[in-house]
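I am opening a notebook on a structure that is new to me. These entries record what I looked up, in the order I took it.

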Amino acid sequence: MGRGAPGAPNPYGPPMMPGGYPMMAPPYGAIPPYGMPPMMPGMGMYPQPIMTARVPRPTQPVRKTAKTAAPVAPGTISVFVGRIPKAVKDDDIKNILEQCGQVHKWTRVSGFGFCEYSKPEGASRALRILKDIKILDKELLVKVDEKDQLKLKAYQDSLIKPAEKNTKKSESFEKDIKEMEKKKDESALIIIKKLIAKLEKGEEGDDDKTDDKEGAKNDQKDVKK
């Protein structure tokens, strides 16, 4: 069996020496050692792999992340509370506001403050039942900005617009929701009025004590005379 055409790789591998070791092929044209057949073109030579330069992968640019603002409590609504009498203590007004819903944060600045409710339900109730409330003959001013007004509107729409397409079921659901909200408002308003009455009674008691002290001082002056 032949070894193939001249110049082609030897399919049988390089010549073998006794013992099974491959015989090193001399350079082409050199005189082979004793017992080794002369080298023909391509005999005992194997094609060498072509080495190609590695192309570096394109590196993606590093994206710079923008600085995020401080985390804000989700769903909070800030309610402005104005016309607060100076005589009313901070804890007293906060106690009144808490009857409308869970207060996330309360910040008072002299005669007004900002009440941040944890849920839209509390802010919505505060706007309904505190707008006509009087404390020490001063009517509270309760309002929210335009951004929070949209939040409250979306909240109300989510309550009165159920998934059912049936009009009768929808109207019944809306009626039930309004009745439930009305009962909660009435319960909260009863507690708020009791707190205000207690607060005003305490102020009257302080006035009586002051009058008693002044009367006692006048009596002492009369005795000295």
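The entries below go from the strands to the salt bridges.

**Entry 1: ground rules.** I am working with a predicted model, in which local features need pLDDT of at least 70, side-chain atom pairs count only at pLDDT 80 or more, and totals for chains, interfaces and linings use all residues. Residues are numbered from 1 along each chain as its sequence is written, and side-chain values use heavy atoms, with hydrogens and water left out.

**Entry 2: strand β3.** I started with strand β3, residues 112–117. Helices (H or I, at least four residues) and strands (E, at least two) are DSSP runs, numbered from the N terminus. I then looked up its partners, where two strands pair if DSSP finds at least two bridges between them. Strand β1 (residues 77–82) runs antiparallel to β3, and 5 bridges join them. Val81 has Gly113 of β3 as its bridge partner. Strand β2 (residues 103–109) is also antiparallel to β3, over 6 bridges. β2 and β3 make a hairpin with 2 residues between them, and Ser110 in the turn has a positive phi of about 55°.

**Entry 3: the two faces of β3.** Which residues of β3 are on the covered face, and which on the uncovered one? I noted Gly113, Cys115 and Tyr117 as covered, and Phe112, Phe114 and Glu116 as uncovered. For single residues I use these classes: buried is under 20% relative accessible area, exposed is over 50%, and partly exposed is in between (1.4 Å probe, protein chains only). Phe114 is partly exposed, because its relative accessible area is 37%. Together with Val109 and Phe112, Phe114 makes a nonpolar surface patch of about 240 Å². Patches are made of residues with over 30% relative accessible area and no salt bridge; like charges are joined within 9 Å, nonpolar side chains (Val, Leu, Ile, Met, Phe, Trp, Tyr) within 5 Å. The areas come from the Shrake-Rupley method with a 1.4 Å probe, and for residues only the protein chains shown count as cover.

**Entry 4: Asp185.** Next I looked up Asp185, in helix α4 (residues 167–224). Is Asp185 buried or exposed? Asp185 counts as buried because its relative accessibility is 11%. Leaving aside neighbours within four places in sequence, I find Asp185 in contact (heavy atoms within 4.5 Å) with Arg125, Arg128 and Ile129. The side chain of Asp185 makes a polar contact with that of Arg128 at 2.7 Å. A polar contact is a pair of N or O atoms within 3.5 Å; within protein, one must be able to donate a hydrogen and the other to accept it, and residues adjacent in sequence count only if both atoms are side-chain atoms.

**Entry 5: salt bridges.** A salt bridge is a side-chain nitrogen of Lys or Arg within 4 Å of a carboxyl oxygen of Asp or Glu. By this rule I have 8 salt bridges. One of them joins Arg125 and Asp185 (2.8 Å, N to O).

Glu121 is partly exposed, at 24%.

In helix α3 (residues 146–160), Asp148 and Lys151 are 3 residues apart, so about one helical turn separates them. Their side chains form a salt bridge at 3.9 Å, N to O. Asp148 is buried at 6%, whereas Lys151 is partly exposed at 36%. Last, I noted one network, in which salt bridges that share partners join Glu121, Arg125, Arg128, Glu181, Lys184 and Asp185.
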